[in-house]
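Here are a few exercises to work through with the model open beside you. Try each task before you read its solution.

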Amino acid sequence: MLRTAALDGQLSDLLGQVGVVVFYLVVWGLVFAGTALFVGVFVPFITGDSLLFASGIIAAGASGIDIWVLAIGVGIAAFLGDQVGFLLGRRYGRPYLDRRGGPRMQRVITRTEHFYRTFGWWSVVIARFIPWGRVFVPVIAGVGRMGYARFVTANIVGALAWGVGITVIGYYAASIPGVKVLAYVIAGVFITASVIAGIRAWRLERADRAASAQADVSSAQ
């Protein structure tokens, strides 16, 4: 929450300096760039959940910001960002991912590929709440030739749940004290679900590695 509070202050300063319209554009642009331009790999904090929650909090206390314009714009930016990632993956294939940085980045990509194979359609939705998943799953879905209609439906659900949902939760957490606790509970549920999904994918990956190692030993004998 300290990071969210710090980002809240920075966004408030930005709003005072540039006005409402530019504030909208900056928030939407960061959300879009987080996935479409791989910015979320390097600065997930200012392109992810904290950005949405903090912008919702600011909308509750600032005059001139319409929470629904902000939240719907975030949802559209999130949707478009994932669409760009998907189309890049479909157009350029696995070599596009191979160019994404060094060994550490490649390990993240391998983990994301396993996550995608494990959860399929749901991986696009769940990945919204996981920083590395949010960046790479759309591209990997494109590389894996996921059906376009299937991806679009998952992308819409994810953009609404994550983009619109967290922004509105931040707004109500600040504007209606009586639902503040509920808002944090809902946010906690999202985070917990993300952690559980990540643990499940990690355990399945370990099981796959153990099975592969056992197969190698058996074939050597």
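**Exercise 1. Find the salt bridges and say what each one joins.**

Start with the count: there are two salt bridges, where a salt bridge is a side-chain nitrogen of Lys or Arg within 4 Å of a carboxyl oxygen of Asp or Glu. A word on the source: this is a predicted model, in which local features need pLDDT of at least 70, side-chain atom pairs count only at pLDDT 80 or more, and totals for chains, interfaces and linings use all residues. Residues are numbered from 1 along each chain as its sequence is written, and side-chain values use heavy atoms, with hydrogens and water left out.

Step 1. Asp49 pairs with Arg134, with 3.5 Å from N to O. Asp49 lies in helix α4 (residues 49-61) and Arg134 in helix α9, so this pair ties together parts that are 85 residues apart in sequence. Helices here are DSSP runs of H or I, at least four residues, numbered from the N terminus.

Step 2. Check the cover. Asp49 is partly exposed at 25% relative accessible area, while Arg134 is buried at 7%. Buried means under 20% relative accessible area, exposed over 50%, and partly exposed in between (1.4 Å probe, protein chains only).

Step 3. The closest N and O atoms of Asp82 and Arg128 are 3.1 Å apart. Asp82 sits in helix α5 and Arg128 in the loop between α8 and α9, so parts 46 residues apart in sequence are tied together. Both Asp82 and Arg128 are buried.

**Exercise 2. Describe the largest nonpolar core, then look around Met146.**

Step 1. The largest nonpolar core has 25 residues, of which Phe115, Phe136 and Met146 touch the most other members. Such a core is a set of buried Ala, Val, Leu, Ile, Met, Phe, Trp, Tyr and Cys residues joined through side-chain atoms within 4.5 Å.

Step 2. Helix α9 gives the largest share of this core, seven residues.

Step 3. Leaving aside neighbours within four places in sequence, the residues in contact with Met146 (heavy atoms within 4.5 Å) include Phe86, Tyr116, Trp121 and Phe151.

How values were computed:
Helices (H or I, at least four residues) and strands (E, at least two) are DSSP runs, numbered from the N terminus.
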